[in-house]
Amino acid sequence: MSSGDDSRRPNPLPSALVSNLQSVLAARRPPPTEDATATAAETSAPAPATAVADDGPAKPVVLLTCAGGIQSPGLAALVDALVKGGRCDVHVCAPESDKPVCGHSITIRETVSATSVDFAGAKAFEISGTPVDCISLGLSGRLFAWSAPALVISGINAGPNCGYEMFHSSAVAAAREALMCGVPSIAISLNWKKDETKDSDFKDAAGLCLPLIHAALADIEKGTFLSGCLLNIGVPSSPSANKGFKLTKQSICSPAQSWQAVSSSRPTPASHFMGMHQSLGIQLAQLGKDASAAGAARRGNTQRKTVEVESVAAAGKPATREVVKKSFRAEFVEKLHEGLDEDIDLRALENGFISVTPLSIHGRVEPELETPASDWLSAALAVDKEKEASAVIAEEQDATDVAEEKESPAT
């Protein structure tokens with residue numbers, strides 16, 4: 001049947017029902033005001049979304065992701081802190097598994113699934129893609145109803161993202177993706193150290209970063225937040241013993257990689273292939289595929305161990321070529337850094353400070369943005385200290401009033 005015949009195909013719904021539905025929808029749609037119409041005509045960029053609270057004014061929307069995956073303790077700690085803070089409406093779009101060093105990789109021409117996940121106080125989805133996929137999908141308008149969040153936060157991720165590690169880091173890449181889409185963003189990482197840092201430290205890290213997040217939301221609402229850069233926040237390995245915030249610069253240190261040879265016959269752990277939330281049937285099917293693939297690989301290796309070629313050697317016999325296959329595994333190893341300036345991100349972390357490094361889309365922030373970033377950080381911390389001082393004064397006043405009431409004679 002031609003396309004012209006398709007265009008004349010009758011609507012499967014009764015016309016009376018379609019008419020009633022259109023009438024109901026039109027009645028529920030509020031008429032546009034003159035101011036709203038003028039504003040929409042003046043700008044095409046989506047305004048930051050807000051969510052209407054049941055007991056107060058609208059709250060700004062914050063979109064979270066985490067390179068550690070939907071079940072990472074860092075993400076759970078940050079969601080919990082933001083929800084309890086009550087200053088924003090929290091949405092989560094995170095990978096279904098740990099993807100820390102994907103860089104800015106994206107998924108093209110393959111299906112990416114989004115599955116709803118229970119997260120107390122937040123609307124959350126786990127995504128079968130990279131952290132950058134999560135932000136790209138979250139900002140696309142396909143997954144959430146709002147047009148754009150007020151702020152995107154990537155974290156809290158395990159391991160530092162200092163120096164040239166940012167080029168490997170999925171955490172920084174997710175924040176960079178938001179910045180490329182015109183949405184303010186923050187990347188938060190905990191300088192995880194084996195046998196020293198604990199999962200409970202993520203809760204302390206979230207509490208430390210909460211004042212900066214609230215300050216950023218307030219300035220975004222006023223239109224005074226930093227533009228053209230994201231904030232890369234690094235929390236030291238012992239958050240509770242931190243020495244305070246410090247504005248830092250990106251170092252030029254590159255991560256040390258250690259390559260180790262591994263046996264090609266060693267079976268790959270099944271956990272590498274299976275997500276945490278897959279059904280048993282999918283897990284068994286995946287195991288079957290893995291076993292078949294491993295068998296095919298062994299047969300292929302055996303078959304091409306010695307390959308005959310068409311050329312003829314000097315002796316008149318067919319020349320042979322041996323195909324050698326080796327397997328390796330790379331890991332990042334910790335190394336000592338000497339001679340670093342005190343205002344470098346890595347040095348600040350090693351010295352126990354919470355590093356705050358402005359980064360542009362291309363990496364290091366331009367010098368003209370360093371002063372505004374420094375001024376903003378100082379102002380944000382000053383506001384938080386004023387609130388703490390006011391709280392202490394109020395507590396002392398309450399204690400004085402109680403003491404005076406006890407000393408006064410009963411009437």
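The following legends describe close-up views of a predicted model.

Residues are numbered from 1 along each chain as its sequence is written. Because the model is predicted, local features require a pLDDT of at least 70 and side-chain atom pairs count only at pLDDT 80 or more, whereas totals for chains, interfaces and linings use all residues, and side-chain values rest on heavy atoms, with hydrogens and water left out.

View 1. Rolling a probe the size of a water molecule over the atoms shows where empty space is left. A cavity is defined on a 1 Å grid over the protein atoms alone as a set of points where a 1.4 Å probe fits but cannot get out, and lining residues have an atom within 4 Å of a point. Grid points are joined across faces, edges and corners, and a volume is the space filled by probe spheres set on the points. By this rule there is one cavity of 30 Å³ or more, and the largest cavity has a volume of about 60 Å³. Its lining consists of Pro 160, Asn 161, Cys 162, Ser 189, Asn 232, Ile 233, Gly 234, Val 235, Asp 345, Leu 349, Ser 355 and Thr 357. At least two lining residues come from each of β8 (230-235), α9 (345-350) and β14 (354-360); helices (H or I, at least four residues) and strands (E, at least two) are DSSP runs, numbered from the N terminus. Strand β8 gives the most to this lining, with four residues. By class, the lining of the largest cavity holds five nonpolar, six polar and one charged residue, where Ala, Val, Leu, Ile, Met, Phe, Trp, Tyr, Cys and Pro count as nonpolar, Asp, Glu, Lys and Arg as charged, and the others, Gly among them, as polar.

View 2. Ala 348 belongs to helix α9 and is buried, at 0% relative accessibility; buried means under 20% relative accessible area, exposed over 50%, and partly exposed in between (1.4 Å probe, protein chains only). The C-alpha atom of Ala 348 is separated by 9.6 Å from that of Val 235, although the two residues are 113 residues apart along the chain. Helix α9 also holds Glu 350 and Arg 347, which are separated by about one helical turn because they are three residues apart. These two residues form a salt bridge, with the closest N and O atoms 2.9 Å apart; the term denotes a side-chain nitrogen of Lys or Arg within 4 Å of a carboxyl oxygen of Asp or Glu. Arg 347 is buried at 14% relative accessible area, whereas Glu 350 is partly exposed at 36%.

**View 3. Two further salt bridges.** Side chains of opposite charge can pair when their charged atoms come close. The whole structure contains five salt bridges. In one of them, Asp 80 pairs with Lys 84, the closest N and O atoms being 3.3 Å apart. Both residues lie in helix α4 (residues 73-85), four residues apart, about one turn of the helix. Asp 80 is partly exposed at 33% relative accessibility, while Lys 84 is exposed with a relative accessible area of 63%. Another salt bridge joins the side chains of Lys 198 and Asp 201 at 4.0 Å, N to O. Lys 198 is partly exposed at 47% relative accessibility, but Asp 201 is buried at 6%.

**View 4. A nonpolar surface patch at Tyr 164.** Tyr 164, Phe 167 and Ile 252 make a nonpolar surface patch of about 320 Å². Patches are made of residues with over 30% relative accessible area and no salt bridge, like charges being joined within 9 Å and nonpolar side chains (Val, Leu, Ile, Met, Phe, Trp, Tyr) within 5 Å. Accessible areas come from the Shrake-Rupley method with a 1.4 Å probe; for residues, only the protein chains shown count as cover. Tyr 164 sits in the loop between β6 (151-158) and α6 (170-180) and is partly exposed, with a relative accessible area of 35%.

View 5. Most residues other than glycine have a negative phi, and most peptide bonds are trans. Gly 155 and Ile 156 are joined by a cis peptide bond, with omega about 0°; Ile 156 lies in strand β6. Arg 109, which is not a glycine, has a positive phi of about 60°. Arg 109 is found in the loop between β3 (89-95) and β4 (114-119), where it is exposed with a relative accessible area of 84%. Asp 195, also not a glycine, has a positive phi of about 65°. Its place is in the loop between β7 (185-190) and α7 (201-222), and Asp 195 is exposed at 78% relative accessibility.

How values were computed:
On a 1 Å grid over the protein atoms alone, a cavity is a set of points where a 1.4 Å probe fits but cannot get out, and a pocket is an open set with protein on both sides within 12 Å along at least five of seven lines; lining residues have an atom within 4 Å of a point.
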